[in-house]
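Please view the sequence and the model together while reading the points below.

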Amino acid sequence: MIKNKQPGQQPDAPAKGPAKGHIKLTSHPSQRDAASPVQWGAPSAGARGPVVGAVNDGAQRNVIGAHSGSYSIYRALAVAAGTLDPVHVADLTDTAPAARIGPYSQWADVGKIVSLDPYGHMVSEVFSEQLESGLDIRPTIAVTKARVNMPEIKEAMRKGRLEADGDLLTENGDVRVTKAAIEPVWYLPGIAERFAVSETDLRRSLFEHSGGMYTELVTRNDLKLFLPPIGGLTVYCFGDVSAVRDPGREIACRVHDECNGSDVFGSDICTCRPYLAHGVEVCIETAQRGGVGFIVYNRKEGRALGEVTKFLVYNARKRQLGGDRAETYFERTECVAGVQDMRFQELMPDALNWLGIARIDRFVSMSDMKYDAITGQGIEIGERVAIPDSLIPEDANVEMVAKKAAGYFSEEPEPDAEQLKVARGRDLHD
Ligand SMILES: [Zn+2]
C-alpha cells in the first residue's frame, strides 16, 4: 500500500531510514510547512538558506529531484543492488575548496544565477550550524587543484608560442590548474524567466517530457528548486582565480560544449578538440601575463542532442545525395533532431557570474549564440579569438564553412554560395 502523509502530521524524526516498508510520497502539499523554503537571490547565504536535497531528509527537503544530476540513477541502482547504505551521510572532512571562489555580488542577484547554487562549494562553511544540527546538506560544487598535460601545449612550446615559467607551465608541459565541478540546481521561476515562458508551462513540460519522473513539478508549487537529472559543467582555471576582482588584470575565456568524439578520441569531423586546445593555450598566455584564463566545459554532448542523434546526423550527412557538404550542414541536423541546436546558451553565463567575471578581454569562441548570451547578461567582451586555420582538420571544413556562412564570428568574409558547395566531407566508408 502506498501512503501519503496526512495533513498536520509531524515529519518523521529522525527523517532517515532504510528504504523499507511503506513508500512515502513527497508529492502531497501537506508537507510544505516542514521544510525551510529557499530565498533565492537573498543578500547572504544565511538569508538564502541551504539547498536540502538529500532523499533521506524527508520533510526537510526543499527541492524537487535528487543530488548528482544523472548520477542519481546510479546511486539508486547501488541502493537497489545492496552495495550502498541508503542512509549513508557524506563525511565532508577535508573536502573544503582548494581555492577561494567568491562570494561575488552576482550571487545575490536573482537575475544573474538561476541554474547552479553559488554557495554549493561552501556548504560546510556557511551552513555549519545546520549541518551540526543534523541537516543533510550536500555540496553541489567542488573545487580542487591539479596538473594537466596536453600534447597540443607541448607542441606550442616546441614551436616557441609558449614558454615554461617553472610555475604555471613546467618544462615538461605540465600546467597547474584550479578546477571546479558544478552540478545543476535550477531555480524554476528564474529558468522560466530566462526563456520567457510561464513557470507553470515549464513545470508541466519538464514533468511530461521526463515521462512523469518528478510528480512534485506539478503538485508542489511551493518547491521552487529542481535538481535536474542532467550533466553539469567543469571550470578549468589557469592562473589566480581571484584576479577577476582586479579590473587591471586580463581575463581570457573559452566556453566549450562537450564533444566526446573529438575532445577525447580526436575524431576529425569537427574542430572541438583543436579549438579547446587553442583555448587552453590562450588561457596560459593570458595567465603568464598576470591575468587569468577560464575554460568552462559544459556537458552538452552533440549540441545537447546526445551522441546517438549526433552519429545519426553524421550518417545522414555523409549518405545524402551529393555527399557531405556545408550547404546542407544544419538542415541534416534539423531533419533528425527537429531542431539545429538544443544547448540553450541562455543558462551558460551563470557559471561566469559565479566566477565573478564582469568582462572577458579575450573570448575564444566564434559562436554568436554564446556571445549574445554573455553580453546579454551584461558581461563585456573585448577581443574575439577565432580558431587559427592551421588547426582545422580537413574533414571539419564542412562544419567550419557552414558555421561561418551562418554568421559565426570570423575575421574573414562570409563564405558565398559557391564556397558552400565546394566544402566537402569525406565519404562514410573512406
Ligand atoms: Zn565536435
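A residue is called buried when its relative accessible area is under 20%, and exposed when that area is over 50%. The model described here is predicted. The points below cover a zinc site, a histidine in a loop, the nonpolar cores, aromatic rings and backbone geometry.

**Zinc site**
- Three cysteines coordinate the zinc ion through their SG atoms, namely Cys259, Cys270 and Cys272, at 2.1 to 2.3 Å.
- Along the chain, these donors follow the spacing C-x10-C-x1-C.
- Cys259 lies in the loop between strand 9 (251-257) and helix 9 (260-263), while Cys272 belongs to helix 10 (residues 272-288), and this pair, 13 residues apart, links distant parts of the chain.
- Both Cys259 and Cys272 are buried.

**His67 and its surroundings**
- The loop between strand 3 (63-65) and helix 2 (72-80) contains His67.
- His67 has a relative accessibility of 5% and therefore counts as buried.
- When residues up to four places away in sequence are not counted, His67 touches Gly53, Ala54, Ser72, Arg75, Arg138, Thr140, Glu183 and Leu227.

- In soluble globular proteins, nonpolar side chains tend to be buried together.
- The largest nonpolar core has 42 residues, of which Phe294, Trp354, Ile360 and Ile374 touch the most other members.
- Two or more residues of this core come from each of several elements: strand 4 (141-148), strand 5 (175-182), strand 8 (233-239), strand 9, strand 10 (292-298), helix 14 (349-354), strand 11 (359-363) and helix 15 (368-376).
- Leaving aside neighbours within four places in sequence, the contacts of Phe294 include Val235, Tyr236, Cys237, Ile251, Cys283 and Leu355.
- Another core, of 20 residues, lies apart from the largest one, and among its members are Ala326, Val364, Val401 and Ala402.

**Aromatic rings and charges**
- Nine aromatic pairs are found in a search of the whole structure.
- The ring centres of Tyr104 and Trp107 are 6.2 Å apart and the planes stand at 75°, so this pair is edge-to-face.
- Tyr104 and Trp107 are both buried.
- Tyr329 and Phe330 also form an edge-to-face pair, because their planes meet at 80°, with ring centres 4.8 Å apart.
- Tyr329 is buried, at a relative accessible area of 4%, and Phe330 counts as buried at 16% relative accessibility.
- Tyr104, Trp107 and Tyr119 are linked into a cluster by ring pairs.
- Arg254 lies over the face of Tyr275, 4.1 Å from the ring centre.
- The charged end of Arg384 sits over the ring of Tyr371, at 4.1 Å from its centre.

**Backbone geometry**
- Most residues other than glycine have a negative phi, and most peptide bonds are trans.
- The peptide bond from Gly102 to Pro103 is cis, with omega near 0°, and Pro103 lies in the loop between helix 2 and helix 3 (123-126).
- Asp94 has a positive phi, near 65°.
- Asp94 is located in the loop between helix 2 and helix 3, and Asp94 is exposed, with a relative accessible area of 79%.
- Arg303 also has a positive phi, of about 55°, although it is not a glycine.
- Arg303 is part of helix 11 (residues 301-304), and at 14% relative accessibility Arg303 counts as buried.

Key: Residues are numbered from 1 along each chain as its sequence is written. This is a predicted model: local features need pLDDT of at least 70, side-chain atom pairs count only at pLDDT 80 or more; totals for chains, interfaces and linings use all residues. Side-chain values use heavy atoms; hydrogens and water are left out. Donors are N, O and S atoms within 2.8 Å of the metal (3.2 Å for Na, K and Ca); water is not among the atoms, so sites may look incomplete. Helices (H or I, at least four residues) and strands (E, at least two) are DSSP runs, numbered from the N terminus. Buried means under 20% relative accessible area, exposed over 50%, partly exposed in between (1.4 Å probe, protein chains only). Contact means heavy atoms within 4.5 Å. A nonpolar core is a set of buried Ala, Val, Leu, Ile, Met, Phe, Trp, Tyr and Cys residues joined through side-chain atoms within 4.5 Å. Rings of Phe, Tyr and Trp (its six-membered ring) pair if their centres lie within 6.5 Å; planes under 30 degrees apart count as stacked, over 60 as edge-to-face and the rest as tilted. A charge sits over a ring if NZ of Lys or CZ of Arg is within 6 Å of the ring centre and within 35 degrees of the ring normal.
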